[in-house]
Amino acid sequence: MDDRSSMQASSRQSAPQFSPLLPAGVAAVESTTTVSDATLTVTERALIASAVPDRVREFATGRWCARHALSKLGIVGFSLLADQSRAPIWPEGIVGSITHVNGFCAAVVGRTDEFAGIGIDAEHESCVTANLWPHLFTAEERAWLVQLPDEQRHRMAALLFSAKESFYKCQYQFAKEWLDFTSVRVIVEGDRWRVSPASTGSLDWIRDSFSGRFAFANQRVHTSLVVRAAR
Ligand SMILES: CC(C)(COP(=O)(O)OP(=O)(O)OC[C@H]1O[C@@H](n2cnc3c(N)ncnc32)[C@H](O)[C@@H]1OP(=O)(O)O)[C@@H](O)C(=O)NCCC(=O)NCCS
């Protein structure tokens with residue numbers, strides 16, 4: 001790490017959104033500003049060689065957060081490449097997740113002897129308009145949203161959407177499923193959410209349901225899902 005990125009590291013690791021939503025053993029790093037592609041390794045830069053500048057900055061900031069999160073686990077000098085689905089290829093023995101939304105980026109990592117998968121997601125509270133509901137939500141989820149007070153409805157729609165994105169990223173690390181949004185159902189219970197198959201006979205590897213965390217801050221919703229490794 002050069003001097004400039006050392007300074008960035010300390011300034012960007014303040015005011016954490018995800019740490020309170022994660023168990024001990026998961027390292028998280030967040031940034032509210034973007035970094036340049038100069039922070040990428042040669043092989044990482046090759047992944048976004050033809051991308052537009054905004055995407056390059058988004059990608060570089062995610063890699064920057066991931067690099068600093070990995071360093072908290074003692075892993076340095078690693079190029080974080082991606083598979084064909086865009087999923088990060090974490091170092092051997094590591095699982096993790098990256099999210100970015102305008103003005104915010106985060107990466108989290110943990111060890112595979114403790115965790116089978118980790119998913120995080122951040123979305124703006126107003127990201128899901130009602131015309132998207134049929135594509136994103138089951139009939140049961142839509143019925144729940146409709147009966148909410150007006151001022152809560154769009155925030156809760158963003159929460160359901162973000163929870164599904166967190167679940168998708170998390171399960172991809174151990175189940176590698178491509179999932180339709182309406183193939184799973186999310187239920188909000190207090191400060192947690194629970195995801196389960198939307199219908200019986202599908203997604204049989206979900207033996208029970210998975211329970212995630214969420215919090216609203218800075219006009220965003222932040223969701224996390226951590227699945228522990230089988231002992
Ligand atoms: C891939 C996807 C989940 C990304 O979510 P998003 O809200 O658009 O964007 P975010 O910034 O939060 O996350 C993007 C990051 O997710 C990670 N990611 C992408 N594909 C992934 C996958 N298959 N598994 C795990 N992580 C993945 C990447 O790190 C990516 O950032 P990067 O390309 O800069 O490295 C989303 O675009 C997508 O394709 N969804 C369709 C599948 C789905 O979610 N189905 C519903 C499940 S119930």
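View 1. Residues are numbered from 1 along each chain as its sequence is written, and side-chain values use heavy atoms, with hydrogens and water left out. As the model is a predicted one, local features need pLDDT of at least 70 and side-chain atom pairs count only at pLDDT 80 or more, whereas totals for chains, interfaces and linings use all residues.

**View 2. Residues nearest the ligand.** Of the 21 residues around the ligand, those that come nearest are R55, R63, T99, H100 and E165, where a residue is near if one of its heavy atoms lies within 4 Å.

View 3. Polar contacts are pairs of N or O atoms within 3.5 Å. A polar side-chain atom of S85 lies 3.1 Å from a nitrogen atom of the ligand, while an N or O atom in the side chain of K169 is 2.8 Å from a ligand oxygen atom. At L179 a polar backbone atom is 2.8 Å from a nitrogen atom of the ligand. Taken alone, the ligand exposes 910 Å², of which the protein buries 87%, the areas coming from the Shrake-Rupley method with a 1.4 Å probe.

Definitions and conventions:
Polar contact = N/O pair within 3.5 Å; in protein donor to acceptor, adjacent residues only side chain to side chain.
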